[in-house]
Amino acid sequence: MKYLKHLSVAFLGTLSCSTGVEYAMPEADCTGPELPKIDIADLRNMYSGEVSRIEEALQWEGYVISSDRASNLFGELYIQDKPEAPEGGIVLYTDLLETHSLFPLGSKVAVNLKGLYLGKSGESYELGGAFPVFGSLSVGRLPASLVKKHVRVSCEGRVKPAAAEVTIESLSDRLLNSLVEVKGVEFSPEEAGMPFADIAQPTLRNLLDCMGNTLTVKNSGYSDFQAEPLPRGHGTATGILTKHRNRYELLLRFPEDLQFNDSRCEELFPKKSSDRILISEIADPDNLSEARFVEIFNASDTDFHLHGWELRRYTNANTEPGPAVSLDGIRIASRGTLVISAYPDIFEATYGFPPDLVVSRNGPADSNGDDSLELIDPFGTVVDAFGVPGTDGSGTAHEFEDGKALRIKGVVRSNPVFNPAEWMVFNDSGGSTTQKEPQIAPEDFTPGTH
C-alpha cells in the first residue's frame with residue numbers, strides 16, 4: 001500500500017524566477033474559521049503510535065515547499081512550519097490535481113486538523129485520509145472535494161522558503177519533510193549524463209560527496225524534464241528531504257535546483273599515491289570475533305584523500321585476493337586513522353564508538369588471523385603489506401589468530417614488502433617472532449588511536 005501511495009512521487013516545483021514562469025496567487029481566504037493554534041511539536045505529540053483521526057478543532061500553520069507544477073509530484077503537499085530554520089515539516093496526501101494552482105510554493109497555509117488522519121512512517125509525520133490495511137489503518141489521500149475544507153491560503157502573501165544548508169553527513173531525521181540544500185555533491189560517474197529518470201518509471205539516482213557518502217535522489221519518469229541529462233559537475237542540490245526505510249531520499253524541484261558548476265571530486269582531489277599511508281592495527285580478539293577490525297594510519301602532516309585506493313585480503317595460502325574493499329572518496333586526517341569493521345553494531349558496543357567504514361563480512365576487516373593484507377594505491381601498486389600472499393600465516397611471523405598485529409609507532413612509512421621487525425604480533429600459539437598472548441577486547445586494542 002505504501003508503494004501505491006508513493007508511486008508517483010517526483011520532482012517538485014519552485015518559487016525561483018529561474019524557471020521563467022509566473023503564476024497568479026490564488027485568492028486568499030481570510031474569512032476561514034479561527035481555531036486554536038498548535039505548533040508542530042504539539043501536532044507530533046498527538047500521534048498515539050498508530051494512525052488515528054484527529055477529533056479536536058485545531059489549526060496548524062506552515063509554508064508550502066512543494067509543487068506539482070512540472071508534473072513531478074502527485075498527491076503530496078509538503079508543508080514546513082517556518083520559512084526559515086523550521087522545526088520540521090508534514091506531508092499531506094491528497095488526490096487533488098494541480099495543487100500548485102491552489103497552494104503555490106511559498107504560500108502560508110492554515111490546516112484545519114479536525115477530521116484528518118495523523119500517522120507516521122519511520123520518523124516522517126503524515127496527514128490525510130485513511131484506508132484499511134490488514135485490519136489497521138494507514139494514512140491515504142484526502143479526497144479532492146475535502147481539501148479546501150482543511151487547507152486554506154493565508155492573506156500574508158508568499159515568501160521564498162530558505163533551505164537549510166547541510167552536507168550528506170549532517171542529514172538528520174529532524175529535517176524530514178523540510179527544504180534542504182545539500183552542499184558538495186555530484187552524481188556518480190556511472191550516472192552523470194544519464195536521463196533524470198527512465199520513461200514512466202520512478203527512478204533512483206545517487207549523489208556522492210568527495211568522502212564517498214551517498215544520498216538517493218528520487219526522480220519521476222513523468223516529469224517534464226525526465227529525458228534531460230543529469231549534470232556532470234559538482235555543487236549543491238536543493239530539495240525536500242524524505243526517508244524510505246533507513247535511506248534518506250531527496251526530492252528535487254526543477255533541474256535548476258542542481259547547481260553543479262564546480263569541478264568533480266577527482267579534479268578537486270586528484271588521485272595520488274603516498275608512502276605515508278599504512279596499515280597500523282589488525283584485530284582478531286580472542287573473546288569476540290565480531291569485534292575484529294583493520295586500522296589505517298595517515299602518518300603525514302596533511303589530510304589525505306584515498307580516491308582510487310583499496311584494501312585486499314589473501315585468505316590462508318591463496319595466491320589470488322578476495323573481493324577488495326574500496327576506500328574511494330575517504331579522507332584521513334593528518335595523523336588520523338581510518339577504522340574498518342564488518343560488524344558495526346558489535347564494534348560500537350565493544351569499543352564505544354562506531355567504525356569509520358563498514359564493509360562486508362569475510363573480507364579484509366574480518367580475518368581470523370592467518371591471512372595477508374595489502375593496501376593498494378589508485379594506480380594498482382602495492383603500497384603497504386602485512387603478511388606474505390600465498391603463505392598460510394599459521395605458525396609464521398604474520399599469524400595474529402585470537403590476537404592482533406600492531407604497527408610499531410616509530411614506523412611512519414609504508415612498506416610493500418612485509419617486514420616482521422615493523423610489527424608487534426600477538427596470538428594464541430607464539431610461533432616465529434610472535435608473542436603467545438591472546439588479546440581481549442576491548443582492553444587490549446586501540447582502534448582509532450595510533
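Let me start with Asp384, which at 0% relative accessibility counts as buried, where buried means under 20% relative accessible area, exposed over 50% and partly exposed in between, with a 1.4 Å probe and protein chains only. This is a predicted model, in which local features need pLDDT of at least 70 and side-chain atom pairs count only at pLDDT 80 or more, while totals for chains, interfaces and linings use all residues. Residues are numbered from 1 along each chain as its sequence is written, and side-chain values use heavy atoms, with hydrogens and water left out.

Asp384 is found in strand S27, residues 382-386; helices (H or I, at least four residues) and strands (E, at least two) are DSSP runs numbered from the N terminus. The side chain of Asp384 makes a polar contact with the side chain of Arg407 at 2.8 Å, a polar contact being a pair of N or O atoms within 3.5 Å, of which, within protein, one must be able to donate a hydrogen and the other to accept it, and residues adjacent in sequence count only if both atoms are side-chain atoms. Leaving aside neighbours within four places in sequence, Asp384 is in contact with residues including Ile277, Leu375 and Ser414, contact meaning heavy atoms within 4.5 Å.

Which sheet does S27 belong to? The answer is an open, antiparallel sheet of 4 strands in the order S22-S21-S26-S27, where two strands pair if DSSP finds at least two bridges between them. Strand S22 (325-326) and S27 each have a single partner strand, so one side of each is left without a neighbour in the sheet. Strand S21, residues 310-314, pairs with S22 in the antiparallel sense over 2 bridges, and Glu310 stands opposite Ser326 in S22.

Turning to the other sheet, we find 7 strands, open and with mixed pairing, in the order S25-S24-S19-S18-S28-S29-S30. Its edge strands are S25 (357-358) and S30 (435-436), each of which pairs on one side only. Helix H6, residues 344-351, packs on this sheet and touches S19 (293-298), S24 and S25, its direction making about 125 degrees with that of S24; axes here are lines fitted to C-alpha atoms, for helices over the stretch in contact, and angles run from 0 to 180 degrees between N-to-C directions.

Finally, the charged pairs. A search of the whole structure finds 23 salt bridges, each a side-chain nitrogen of Lys or Arg within 4 Å of a carboxyl oxygen of Asp or Glu. In one of them, Glu61 pairs with Lys37, the closest N and O atoms being 3.3 Å apart. Glu61 lies in strand S3 (residues 59-64) and Lys37 in strand S1 (residues 37-38), so this pair ties together parts that are 24 residues apart in sequence. Glu156 and Lys108 meet in another, at 3.0 Å from N to O; Glu156 is exposed at 55% relative accessible area, whereas Lys108, at 13%, counts as buried. Arg292 forms a salt bridge with Asp284, with the closest N and O atoms 2.6 Å apart. Salt bridges that share partners join Lys37, Glu61, Lys108 and Glu156 into one network.
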